[in-house]
Every structure is written in structure tokens, then in C-alpha cells.
Amino acid sequence: MLRYIVTRIALSIPILLAVFTLVFIVVRIIPGDPAEAALGDYASKQAVEALRERMGLNDPLIVQYLRFLGDLLRGDLGISMISGKPISEQVAHVLPYTLQLTFASILIGTLFGIPLGVFTATRRNTFIDYLGRIISLAGLSVPAFYFGILLILFFAIKIDLFPAVGGGDLKKPVENLKHLVLPALTLGLIMTTSVTRLTRSAMLNVLSEDYVRTARAKGLCERAVIIKHALRSAMVPIVSIIGLWAASLIGDSVMTEVVFSRPGLGKMLVGAIMQRDYAALQSIMVIYAAFVVLINLVTDLIYGLVDPRISH
């Protein structure tokens, strides 16, 4: 198992380097001059040229790339072209809100999706199964931003149970939790529908296997057969879908944070795009890419725990 872990970590390093390189190239090929974007359309050519020199944009591309990697290794994300403040300080302020939203959504999608998938699979072709399939299909068809607006209309405006906008103060857990509920439900319930459908399919494939029938023939209780034998064998595809959703939730949080006016990397990314803050845009894309690679690595490691055959 240790060899498997070391191998997966080693493979993640070149992937991370490739992703960082892609981010560097994408930001460089975006139309427009970063210096002109920072100073405005009416800036003089001398001022633009001076800013380009200060930003290192006149250096050869390979020099810019090596400087970019060196700054990342030191944890330096650069200076915002709009605010003039270190980007790392801005990220440190909003990152906890994005992580909160992502982890809460994954928790909701997992805790509800797996039991519902098992429940509908064990009642195949019954009214409960048909109802669950219809609801899960409907859930996958609703965009996250639209579902978020519906939750705001009902829970924030109609019954005034939760706040509609903001992220709350991190130093006040109760207030922070109230602001987290609606955004987390928006993403978590949509994830629940996907996890439910895949768990149901995986369980149906496993329940027809010989070893499940053998376990029942031995007289094991149905709960033990479902949990210890069937569900454990079906966990590999379930872990896959949870890993995919964990990666996609990092991106889906962009629109959700905008809808709920919630601080986070997503809202910061939109602001960087609107203000043409190339330095902040590059840094945020690097952080998103690093999280996706990290999530894929964790998913691979969980594979080895769920199914020991994978680690060999």
C-alpha cells in the first residue's frame, strides 16, 4: 500500500506541472495587454511601457515562465493589478468560504446520496424506486444557479429562515453556519441526485453476483448482506462519482457564490475577469487546478483503501 501511495503522489507532480504550464500559456494568450488593462484605455504609451517593464512582460517568455514557477514554489501569488495588494492575502480571506461550501456540499451529497441509492436498489421496480429515479433525474436537470434562486425565494424570502446573501463572520460559527446552509443545499442536493443514481446502478450490478446469493444462503441478515458484501463491492464507482463531483464543485461554486453574494474564490475569479486583473486571474486558476489535482490524488488513494486489489 505504501508503494501505491508513493507512486500516485509521484505521478501527481508532473501532472501538476503540466497544469500550471497550461494556466501560464492560457493567461498569456488572452487578448489584450495586461498593462493597458490595468492603466486604462487613455494611459500614455510611456506609462504602459513602464508598467510592462515593472511587471516583467517585456522579458522572454521562458524567463517569465521560470519566474512564475519560482514564485509558486515560494508561495508568492503576485500583486493584484487593480488593488495593488498581495493576492495571497485576498485568497487567504476568501478561501475558507469556498472550502466550507465545497466540503459541506460533498457531505450532503454523500450522506444522502449513498443511502438513497441503496434504498432504491433494494426495492427495484417498486413505486419507491420509480419515484427516486424521477426525482434524481429532475434534480440533475436543474441548473445550480436556478435551484439556488428557488431556495432563496422560499427559505429566505417566504419564511425568512436563512439569510439570502453573504457568507457570515468566520469568528461567529452560528452566523456563519446560517449563511452556509442555502448554498450548501444548492450544490449538495444536486450532487445527491447524481450519487443516488450511480449508487443504485452499482448496487444492482453487485446484488446479482454469486457471492451475494451465497451470503444470503448462509443465513446472514439482509443488513449484513447489503452493507458488508454488496455496498463494499460497489464502493469503487461510488468513490469515482464523489471524486468527480468534488472536483466539479470547486468550479460550480463560482456561480453559486455569485448568486448568494458569498465571498469565495469563485466570486474573486469573476471579479478578476471583469476587471481584467491578469495577475489575480492566473493565481486563482492555479489554485483551482491544484485543488483538482489534489482531489484526484485523494480519490486514487481511497481506491486503494476500498479495494486492496487496486493498490497491487
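A crossing of two helices is called left-handed if the near helix is turned anticlockwise from the far one by less than a right angle, and right-handed if clockwise. This is a predicted model, in which local features need pLDDT of at least 70, side-chain atom pairs count only at pLDDT 80 or more, and totals for chains, interfaces and linings use all residues. Residues are numbered from 1 along each chain as its sequence is written, and side-chain values use heavy atoms, with hydrogens and water left out.

Helices here are DSSP runs (H or I, at least four residues), numbered from the N terminus. The table gives the packing of two helix pairs, with axes fitted as lines to C-alpha atoms over the stretch in contact and angles running from 0 to 180 degrees between N-to-C directions.

| Pair | Angle | Axes apart |
|---|---|---|
| α7 (residues 144–158) and α8 (residues 173–207) | about 135° | 9 Å |
| α6 (residues 127–141) and α8 | about 135° | 8 Å |

The angle makes α7 oblique to α8, a word for angles that are not under 35 degrees (roughly parallel), over 145 (roughly antiparallel) or 65 to 115 (roughly perpendicular). The crossing of α7 and α8 is right-handed. Their contact (heavy atoms within 4.5 Å) involves, among others, Phe147 and Leu151 of α7 and Leu185 and Ile190 of α8.

Helices α6 and α8 are likewise oblique to each other, and their crossing is left-handed. Residues making this contact include Asp129 and Arg133 of α6, together with Ile190, Arg197 and Arg200 of α8.

Terms used:
Helices (H or I, at least four residues) and strands (E, at least two) are DSSP runs, numbered from the N terminus.
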